[in-house]
Amino acid sequence: MPRLEEIHGNLLDRLQEAKEQGWLGEVAVIEASLAAAEQKLAAVRDLAARHTTVHLGMPDFVSSAGCRDPEL
């Protein structure tokens, strides 16, 4: 995600430069790339928000170790 945020920032800088220079074709291309980067960032943030750590507990090896005394 940090790399994608860096790309997004660079696109904003390039967009500003293209507007200042009057490069209309370049502005349109950068705006399309910027929209795609924003969609990707939103998807990555959504995915990160949905995934959390799940505690699975410790497995019980007593029965599989052949030990009959549950206190061991």
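In which helix is the place of H8? H8 lies in helix 1, which covers residues 2–21. The model is predicted. Its protein chain holds two helices and zero strands.

The two helices pack against each other. Helix 2 spans residues 24–50. The angle between helix 1 and helix 2 is about 160°, and their axes are 9 Å apart. Angles over 145 degrees count as roughly antiparallel. Helix 1 and helix 2 are therefore roughly antiparallel to each other. The crossing of helix 1 past helix 2 is left-handed. On the helix 1 side, the contact is made by L4, E5, H8, L11, L12, R14, L15, A18 and K19. Helix 2 contributes E26, V27, I30, E31, S33, L34, A37, E38, K40, L41, V44 and R45.

Is H8 buried or exposed? Its relative accessibility is 17%, so H8 counts as buried, the limit being under 20%. Leaving aside residues up to four places away in sequence, H8 touches L34, A37, E38 and L41. With E38 there is also a polar contact: the two side chains are joined at 3.2 Å.

Values for the whole chain complete the description. The protein chain has 72 residues, and buried residues make up 14% of them. Among contacts with a separation of 6 or more, 42% come from residues 24 or more positions apart.

Definitions and conventions. Residues numbered from 1 in each chain as written. Predicted model: local features only at pLDDT ≥ 70, side-chain atom pairs only at ≥ 80, totals over all residues. Heavy atoms only, no water. Helix = DSSP H or I, 4+ residues; strand = E, 2+ residues; numbered from the N terminus. Buried < 20%, exposed > 50% of the residue type's maximum accessible area, 1.4 Å probe, protein only. Polar contact = N/O pair within 3.5 Å; in protein donor to acceptor, adjacent residues only side chain to side chain. Contact = heavy atoms within 4.5 Å. Axes fitted to C-alpha atoms, helices over the stretch in contact; angles between N-to-C directions. Parallel < 35°, antiparallel > 145°, perpendicular 65-115°, else oblique. Left-handed = near helix turned anticlockwise from the far one by under 90°.
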